[in-house]
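Student: I would like to go through the terms used for a protein model and see what each rests on.
Tutor: Then we take them one by one, each with its cut-offs.

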Amino acid sequence: MESNSNDNYVLVLEDRTEVKNENEAGKLSVVSGIDDKGKLRTAEAKDVHQAAFLKFNNKDGLLKNFMTNFLKQFNEPSRFGLYKLVANNVEQGVASLQTMLQNREKPENKQQLADSQVRFDDFLPKQKNATVIDESKIDWKQLDNLGLTRERLEQSGELAKMLNWQKSNLITIVVPIGDTTIYTDARLAFRTDGEGNIGLAIHPLRKEPQLDFPYLGHKFSSEEKERLLATGNLGKTIEITPKNGEPFAAYVSIDPQTNELIALRADRVNIPKEIKGVTLSDAQYKGLVEGKAVKVEGMTAKNGKTFNATLQVNAERKGIEFIFGDNKSLRERQEHKQAQQQGVPHKLCGLELSEKQREALDSGRTLYLKNMVDKQGQPFNAYVRMDKEQNRPRFYKWNPDKKQETGKEKVVAVAEEHKTQVAVNNHGKTNEATKNVKEPLKTGQTQPTAEQKQKQDENKQKKSRGRKM
């Protein structure tokens, strides 16, 4: 009864909610889809209803996605059974299935039913193990060999991603080759080998995607190359064969940061029936499973606003990506990634920024930040705003928004304890105690230190000698 690997098959649902004994067969019908409310739809098991049957194939990921949504709707899956039948002979196959279900204890029937049954346990959520990597198992010398340190990765925010099995953004690494040192950009990730050891995977930046060579046994056609270069996604599933592995259906995308080709097993992607408050139609759902770009309207964002976007499975993101704009090219996505990478830092002049502070700076707001440390190790306060053109923070003594708001000349806006320092060092005003101190004063300082007093006296002596000459 079970289909061959190249055959389309249907799912026959056995509804046992009304059976009176274990040996009785439940009501049989063929799965035809899921309605707008997420409920399962079935059709009578007659060949005349072929057009209504939902058909599957072992090479696509439709079954996994269907089962995930099916199990969300039924609280007691044990009251139901699902069986694979060849799609082109449903009526006869259902009759045979009915007979076997009524005599399910016979050894020959039991084996055939087991071979064709779709088991719910295979699709129930597995209990996840801890995803954060144990830092004690990491060989930090591998980072040293690339000119990196743990502290640098931590300050940039990339270490947190890597410890959760994610790839970093582009990082400049050092590659020594003989007497030559090469500096290049790459994305890094922690990975385990066959023995469970944690090593470092390096994904170097490529000038362009390598599409003219076979990729895991698949040779790209002209149309496939054009689609990958235009959108970054292949837009369908293909069969690939990893080295020393079995072939499987996969989505393929281009990493916009490195131009590396990325494959993702289709049967490991869970596509929900409902996305951002919108229940997908059967056509939209099927299109997403097949890897196509699907326009979805009326979705609801976290802030409660509705929005429209094109959705598509992206292998590099390991799931669905939201594409805004009808013609967002791969180049635009690469520029967006670069802007993200060069955006608001996690730490600014020694001050750890909170997520709210980073979000505020990223949105263009000006913040007054205290207790930063300058190159001389002295604490200071300043207004900070992101320069969007150069993707870097800018520091101001005055509020850069003040002139725009009032139309008046900018005024000094610093903490009370810095007024003496500002008056003396920035405006040249006279303060007998500190007027000859050249370097910035410490927070709240109104009198020179012993070292500063000595320099003051030396300067006075030099000026005195100059006047005598």
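**Salt bridges, burial and cores**

Tutor: The structure holds 20 salt bridges. This is a predicted model, in which local features need pLDDT of at least 70, side-chain atom pairs count only at pLDDT 80 or more, and totals for chains, interfaces and linings use all residues. Residues are numbered from 1 along each chain as its sequence is written, and side-chain values use heavy atoms, with hydrogens and water left out.

Student: What makes R41 and D282 a salt bridge?
Tutor: The term requires a side-chain nitrogen of Lys or Arg within 4 Å of a carboxyl oxygen of Asp or Glu. For R41 and D282 the N to O distance is 2.7 Å, so the pair qualifies. R41 belongs to strand β3 (residues 40-43) and D282 to helix α8 (residues 282-289), so the bridge ties together parts 241 residues apart in sequence. Helices (H or I, at least four residues) and strands (E, at least two) are DSSP runs, numbered from the N terminus.

Student: Why is R41 called partly exposed?
Tutor: Buried means under 20% relative accessible area and exposed over 50%, with partly exposed in between (1.4 Å probe, protein chains only). R41 has 35% relative accessibility, so it counts as partly exposed. D282, at 32%, is partly exposed too.

Student: How do you know whether R187 and D255 are buried or exposed?
Tutor: R187 has a relative accessible area of 5%, so it is buried. D255 has 0% and is therefore buried. These two form a salt bridge, with their closest N and O atoms 2.7 Å apart. R187 lies in strand β7 (residues 180-192) and D255 in the loop between β10 (248-254) and β11 (261-265), so parts 68 residues apart in sequence are tied together. Both residues also belong to a salt-bridge network that includes K167 and E316.

Student: Why are R358, A360 and L361 said to lie on the same side of α10?
Tutor: These three residues are buried in helix α10 (residues 355-362). They cover an arc of only 160° around the axis, which puts them on the same side of α10. The arc is that of the directions from the helix axis to the C-beta atoms. The face turned away from the buried side of α10 carries the exposed residues K356 and E359.

Student: What makes a set of residues a nonpolar core?
Tutor: Its members are buried Ala, Val, Leu, Ile, Met, Phe, Trp, Tyr and Cys residues joined through side-chain atoms within 4.5 Å. The largest such core has 39 residues, and L11, F66, F70 and L82 have the most contacts inside it. Helix α1 (residues 62-73) gives the most to this core, with 6 residues.
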